[in-house]
Amino acid sequence: MQAQTEGRSLSPESRYPVYLGSLLDDQHWHHVTVERHSNHLNLTVDHSTMWVQVPSQFTHWDHDQLSVGAGRSLGSMRSDGLNRNFHGCLENLVYNGLNLVDLAKQKDQRVTVKGNVTFICAEPVFVAMTFISPQSFLWLPGVTQPSPSGLSVGLQFRTWIKEGLLLTFELPNQGGVLWLYLSKARLHLQIHKSGRAVVELSTGSALNDAQWHSVDLSSRRGHLTIAVDGEGATAHPNLFPITTGDKVFFGGCPTEGSSQKCVNPFGAFQGCMRLLTVDKQHVDLIMVQQRQLGNYSHLQVDMCGIIDRCSPSHCEHGGSCSQSWSTFHCNCSGTGYGGATCHSSIYEQSCEAYKHKGNTSGYYYTDVDGSGPIRPQLIYCNMTEDKTWTVIQHNNTELTNVQILPGKNQHSAHFEYTAAEEQLTAIISQSEHCEQELTYRCRRSRLFYAADGSPFIWWVGGPGVGQVQTSWAGAPPGSLQCACSLQEGCLDHKRHCNCDADRTEWTNDSGLVTHKQTLPVRSVVLGDVHRPGSESAYRVGPLRCHGDKNVWNAAFFDKETSYLHFPTFHGELSADISFLFKTTSSSGVFLENLGIKDFIRIELSSSTEVLFSLDVGNGPLDVRVTADFPLNDNRWHHVRAERNVKEASLRLDELPSATLQAPADGHIHLQLNSQLFIGGTASRQKGFRGCIRSLQLNGITLDLEERAKITPGVQAGCPGHCSSYGSLCQNQGRCVERSNSFFCDCGSSAYTGAFCDREVSVSFKPETSVSYNFNEPMANELNGSSSSSLSSSRNSDMTLRAENVSLSFRTGQSPSLLLYVGSSSQEYLAVLLNRHVCRPLPPSSVFNQPAMSSGGRMEDGAIYNTLEVRYRLEGSKETEVLRSKVKNLADRQLHAVTVRRLADAVSVQIDQKPKENFTLTSDAEFNAIRSLVLGRMHNAGDVDPELARVASLGFTGCLSAVVFNSVSPLKAALLHPDTSPVTVNGPLVRSVCGSTTLNPHAAEATHHLSGHSGSVGTGQPLVNNIRSDSALIGGVIALVIFVTASASAVVGRILYSRKGTCQSQDIKAEDGSERPFSSRADSSRYGVSEKQKEFFI
């Protein structure tokens, strides 16, 4: 049914169609009412009513004629399928109290009758039949003798399906078969005959629209024609004659094993047929029903049982509905919603919810009311270490100079936000705190001080259209004050704003609007801007909110008899329920709501299973999800249940959803009437003991905390979030509990960010130096370490028996100093890159070969950029050099290094390579540590000359995530430069070294399978395959092994006696742009001192 209003121009833009109802051509009476009330329209068809907001151009109906049964002078404009006049019966046609049918009978002059109109309903009644299942078919006798006029078969059909057989018959005495069928909603004909090419015809389109379509098949004089609704296709002439044979099958074929000769490769037809004709003879379907003609199975005669399952559509949120014969489908693409009926949002409801899924700062679609009517919106989420900010921009967040237009004595600005109005309201309402910056820079431009007491400036803020506000940021609403007045710091103590001092020099009033009832700021009006010498600028920052009251709204049920009750849950056609729980109990009911017969219940049925039970009148339905882990582990678990007219589903955490289909054509309305019980049942049995949090029903959060405050046996709130979310804190970040949330404390981590996952990286130039002084009392506080080895001592006598050093670097420079830690007693630790050249042994050597490293045989003259860790733990002894076997580290790729020492045991790990272990021979204590240096050392008097020369070159490249025990010098220099004991020389530019996913400890957790051997097989044991001369072969092999081992021992002894053969060398830099020293240095420069020991693994 379509109701349509039209303007006089009859253009497409002047028409406004409204549709309601479906399948109204069923030969039954239907009641239609159209009512217009000012700017809205009520359209009723039978028992369905649609309320429509009428566009403003149609609110005034200027018409002088009403046409019934035909449009007026629409001509070719009517391209919407309404180009046919009404054919049928109308009665009780009343317009504004006038019965037009009675007036027409009385030949009233106001009524004009045109065409064939009678005042009796003589509409013919057609007998239809319904093919209700894939087993449905009808067979009728065919025409055994060819007719002189040729073959003719006709029918009308209506269906929702795109594929299915309409009719088929064998070609008698011709060894062939004919099929007339639907494919892709088009009509197709195929004829297969032995020795002949296949004949194929097709016509029509979109024939699965549930409208009646007429089909005619005819074969006459060598021409074969099919037509649908008058449009047809014809095969070429000289076609062999076609007759139906003794049987014609409609809709399908009998089941396998039947004696009927019928083949259907196209699937069964499901829909309605009527007006069947064979050889121009009408088929009496009543005789078919009485089985006096032909035969049938799974057929309903004398009715068309087609149902429009998309009218009304059960697809929500703009999902498009399509249907087959027995069900409907919703296409949710592009809606932001999912599920069988596009009911549940695919997005989280807030930035807080995104954060606690492990997401970092960025733009996210948020749906503040879940499955409610508010659409998802793209929002920026700023995840900081302690708060999660929702940031909503508007059209002008920059500082804007005021320019007065001619004839204007005020300046006004209006702000349009990127979020819709209803979403703005919801975000502000559910946030714990919201704020918006207001700044006014002024010179001889006042805010509130006027002779008549009226303000020069005001702004509009708050929900809806907002309200006028007469205070500036930081002051209470309506106070005519600014923030400086509350702090008693205004320039003129007699005035309440800095700008009200009316001075000629620039000043400003700025602050934050934090009263949620006045947010967001919608417009600003500036008045004192037109005087000579007046200048001003304003800024309205973005709306910023943090804290989601819905996410952390929780209650603790400490008894099985405890429960909370709420009003009846109304989810007749669709309902979604989501919540989080944690418990140590193995069973209990989370939620229950009862009706007379219907009910809905979610419970923990065992320590590993959640059960969703419901009944909508079709019998109880149970949906279960079983986990392979315990659910009573006192950790948060997420439950999401949904019920709609198609199915019921349940999801637990990230496990696959369990789904049960609703019975076809069963009851669909969930009718409840009792109170909604949370944490228990009406019988007070099987109650839940534990915590329930963020309980939402159809997108609406139930306030558990407020109800718990007045309910015995239930406590508001539920602490203990780190057990579930602590793993989100990375890189030694520490999870800290809050009463209604948690955060990651990155004080002891070299990283920052919401989850301590953002690297702190610096790009170093040769002259850059970062020095951290351990003598300062603030050293440990700034790095948040109260339990580290540094926390017990903050003076120059600090002594360490262990160090834990980690850093990442990227450079093309070698040699270069990465990190240096010095002491007051001439002891130090240095981590550096150095170049090494392997020199061949003297010709007099028995084995004239180059030195070996643990990484394999080195080629003569090969250059290697390796990592060195140098320890001098006793000032009077020589430096010990620990050299890694990992080569070529100055390759401009990111490398992660970890150095750990405990007493005399040192381990070095680079990237994910195997850990290398060393043992020191000196004292195990690092005494009186004084400072840590990154980059260039400006005062290297306490170190060896060779190391001092390397240190003076500085470091060119990128350093990231530097940690010495619990001290993060780069983090202190960048984030706390004014309060940390850090000295920076040269340029210090924050950078991004590269991926921070390299885990230097990953090798420790890798399980190698090299120790497992494969299967020998199922044949004879291998020992039986050894030949009789195996003893001789074994003796020879043993001799060879002995000789080889002896030679290796001699070589090893000689190489050890000539340690240092592979020495550090001063090699020309690979890249001239990063070459920090002269290429003309002598060959011994930066080499290993004779007093230094080198350790090769």
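This is a predicted model: local features need pLDDT of at least 70, side-chain atom pairs count only at pLDDT 80 or more; totals for chains, interfaces and linings use all residues.
Mentor: Residues are numbered from 1 along each chain as its sequence is written, and side-chain values use heavy atoms, with hydrogens and water left out.

Trainee: Why is Ala750 called buried?

Mentor: Buried means under 20% relative accessible area, exposed over 50%, and partly exposed in between (1.4 Å probe, protein chains only). Ala750 has a relative accessible area of 4%, and is therefore buried.

Trainee: Which residues does Ala750 touch, not counting residues up to four places away in sequence?

Mentor: Contact means heavy atoms within 4.5 Å. On that criterion Ala750 touches Val760, Ala961, Val962, Val963, Ser968 and Lys971. Ala750 and Val963 are 213 residues apart in sequence, yet their C-alpha atoms are 5.9 Å apart in space.

Trainee: What makes up the lining of the second largest pocket?

Mentor: A pocket is an open set of points on a 1 Å grid over the protein atoms alone, where a 1.4 Å probe fits, with protein on both sides within 12 Å along at least five of seven lines; lining residues have an atom within 4 Å of a point. Here 44 residues line the second largest pocket, and Val68, Gly69, Leu90, Val113 and Val117 lie nearest its centre. The lining divides into 22 nonpolar, 14 polar and eight charged residues.

Technical notes: Ala, Val, Leu, Ile, Met, Phe, Trp, Tyr, Cys and Pro count as nonpolar, Asp, Glu, Lys and Arg as charged, and the others, Gly among them, as polar.
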